[in-house]
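Hello,

Please find the structure we talked about below. My notes on the backbone and the surface follow it.

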Amino acid sequence: MPRLMPAMPPVAAQGLAFALGAAVLWLIVAVQLFVNVDPLSVHPTDAVIMLGGASSERLPVAQRIQQELGAPVLVLSHTDTPGNKVADEACNTAQFPSPGLVCFTPADYDTRGEAQAIRKLIAANGWKSITVVTSSYHLTRAGRLMEQCTTADVQMVASHPDFSPVQWLRRFVIETGGLIDVSLRPECSSSAR
């Protein structure tokens, strides 16, 4: 005679149902925050800025947006890191000074460091508006940091990685933590703007 598993106590069943419901809700929110992030429209700005990392995915989008919007300058984060190889090569082979290309190296090789560097570039160049290009999963957190560090009009544009479901789940976890972090620990104080 087969052994039957004992019934789960009602409290445990309710806890499991709640946990599953919370996980499904988080996945729905994560898809909206990190995948479905394309703006309805984009408008011309003073500069198009590509954040570092995943540059083989991000740089073509930044170049296309610069051309489509007629932005006078393309700004690239230069990090000398493996994920930023394509942008770093563009910076390393460019002739400077160049009115159409600016390369910057953030003090810290993370989005917080880039936000600080971009704040300084905006002030130094008198830009009133910028378009920032980064991966879709990174757009919400990066946008929050840009808004914390400047009063310039910031328009965020996504490049779209070709990820497996496991890679997307990993990014959802990382970016959820990062978004909580930038919400609890803003990068730039209002006096620094």
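In which helix does L169 lie? L169 is part of helix 6, which covers residues 165-184. Please keep in mind that this is a predicted model.

Surface. L169 belongs to a nonpolar patch that also includes L27 and V173. Together, L27, L169 and V173 have about 240 Å² of accessible area. L169 itself has a relative accessibility of 42%, so it counts as partly exposed; the range for that class lies between the limits of 20% and 50%.

Positive phi. For A54, phi is near 45°. A54 sits in the loop that runs between strand 1 (47-50) and helix 2 (55-69). Its relative accessibility is 25%, and A54 therefore counts as partly exposed.

The other residue is D80, with a positive phi of about 50°. D80 is found in the loop between strand 2 (74-77) and helix 3. Is D80 buried or exposed? D80 counts as exposed because its relative accessibility is 56%, and exposed means over 50%.

Cis peptide. The bond from F96 to P97 is cis, and its omega is near 5°. P97 is located in the loop between helix 3 (85-93) and strand 3 (101-104).

Regards

Note on methods. Residues numbered from 1 in each chain as written. Predicted model: local features only at pLDDT ≥ 70, side-chain atom pairs only at ≥ 80, totals over all residues. Heavy atoms only, no water. Helix = DSSP H or I, 4+ residues; strand = E, 2+ residues; numbered from the N terminus. Buried < 20%, exposed > 50% of the residue type's maximum accessible area, 1.4 Å probe, protein only. Patch = residues over 30% accessible without salt bridge, like charges linked within 9 Å, V, L, I, M, F, W, Y side chains within 5 Å. Areas by Shrake-Rupley, 256 points an atom, 1.4 Å probe, with all protein chains shown as cover. Salt bridge = Lys/Arg side-chain N within 4 Å of Asp/Glu carboxyl O.
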